[in-house]
Every structure is written in structure tokens, then in C-alpha cells.
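Dear colleague,

Please find below the sequence and structure that I am handing over to you. My findings follow directly after them.

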Amino acid sequence: MFYWLALALCVLANISASVALKNFANGLPDKLSVAALLPAALSPSLWIGLMCGGILVSSYIYALRGLPLSLVYPLATGLTALGIISAGVFIYGEAIGFMKAIGLLFIICGSIVVLA
């Protein structure tokens with residue numbers, strides 16, 4: 001049971017890290033200079049992204065201890081992709097076209113097949 005929770009935490013941490021790092025990247029100036037490095041290094045979005053990355057790695061390793069790799073990796077990557085695409089749509093207003101919707105459908109179907 002805890003391995004499945006670790007897998008869910010892995011997916012959530014991966015999505016959160018991606019969103020935080022996207023926010024960090026959006027806040028960077030167009031031209032990076034030495035003077036811009038200190039404020040960039042102190043950005044809360046950067047540190048949140050890095051902390052989520054640490055949670056991601058540790059929870060992924062824990063999930064691998066009790067679940068098969070052939071299950072953990074496809075579910076982690078598929079569900080993360082689904083979550084990141086959803087975050088892009090709902091948080092950043094990114095468009096979801098026909099091909100992207102078909103891709104999402106394939107991810108969902110693939111995740112279900114892997115569970116079977």
C-alpha cells in the first residue's frame with residue numbers, strides 16, 4: 001500500500017517540480033548576466049522545484065522497492081505527462097488541440113493496459 005502512495009507522491013512531486021520550474025523560467029530576464037544570477041538563485045520557485053525534485057527521486061526509489069519496474073516507470077511517466085499537460089492547460093492557458101487530445105487518450109489507455 002505504501003509503495004502505491006510513494007508512486008502517487010512521485011507523480012505529484014514531478015508535476016509540482018515542473019510547474020515550479022516553469023514559473024522560475026518565466027521570471028528570468030531575457031538576457032542573463034552575472035548581476036541577474038543572485039536574484040535568480042534566490043527565487044522561491046527555483047527552490048520549490050528543487051525540493052519537489054528531491055521528493056520525486058526519493059519517492060520513486062521507494063516505489064521501486066516494492067513494485068515492479070515494468071509497472072512503476074510507465075505509470076510514473078504516463079501519469080506525470082497527463083498531469084503536466086493538464087497543468088499547462090489550466091494554469092498557463094495552453095491550447096489542447098486534436099493531436100494532443102489523442103495523445104492524452106493513448107496515455108490513459110496505456111496506463112490502464114499496464115495495470116492489467
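I begin with Cys-10, which, leaving aside residues up to four places away in sequence, touches Leu-56, Ser-59, Tyr-60 and Ala-76. Please bear in mind that this is a predicted model.

Cys-10 also belongs to the largest nonpolar core, a set of 11 residues.

Helix H3 deserves a description of its own. H3 consists of 23 residues, and the distance from its first C-alpha to its last is 34 Å, close to the 33 Å expected at 1.5 Å a residue. Its buried residues are Leu-46, Gly-49, Cys-52, Leu-56, Ser-59 and Ala-63. Among the elements that cover them are H1, H2 and H4.

Ser-43 lies in the loop between helix H2 (34-41) and helix H3 (44-66). Is this residue buried or exposed? Ser-43 counts as buried because its relative accessible area is 15%, which is under the 20% cut-off. Between the C-alpha atoms of Ser-43 and Ile-55, 12 residues apart along the chain, the separation is 19 Å.

Together with Phe-2, Leu-5 and Tyr-62, Met-1 forms a nonpolar surface patch, and the accessible area of the four residues together is about 480 Å².

For the chain as a whole, the fold contains 5 helices and 0 strands, which gives the pattern α-α-α-α-α along the sequence. The C-alpha trace spans about 55 × 35 × 15 Å along its principal axes. Of the 116 residues, 27% count as buried. The chain exposes about 7,500 Å², with carbon and sulfur atoms supplying 77% of this area. Where contacts join residues at least 6 apart in sequence, 75% of them link residues at least 24 apart.

With kind regards

Technical notes: Residues are numbered from 1 along each chain as its sequence is written. This is a predicted model: local features need pLDDT of at least 70, side-chain atom pairs count only at pLDDT 80 or more; totals for chains, interfaces and linings use all residues. Side-chain values use heavy atoms; hydrogens and water are left out. Patches are made of residues with over 30% relative accessible area and no salt bridge: like charges are joined within 9 Å, nonpolar side chains (Val, Leu, Ile, Met, Phe, Trp, Tyr) within 5 Å. Accessible areas come from the Shrake-Rupley method with a 1.4 Å probe; for residues, only the protein chains shown count as cover. A salt bridge is a side-chain nitrogen of Lys or Arg within 4 Å of a carboxyl oxygen of Asp or Glu. Helices (H or I, at least four residues) and strands (E, at least two) are DSSP runs, numbered from the N terminus. Buried means under 20% relative accessible area, exposed over 50%, partly exposed in between (1.4 Å probe, protein chains only). Contact means heavy atoms within 4.5 Å. A nonpolar core is a set of buried Ala, Val, Leu, Ile, Met, Phe, Trp, Tyr and Cys residues joined through side-chain atoms within 4.5 Å. The expected span of a helix is 1.5 Å times one less than its number of residues.
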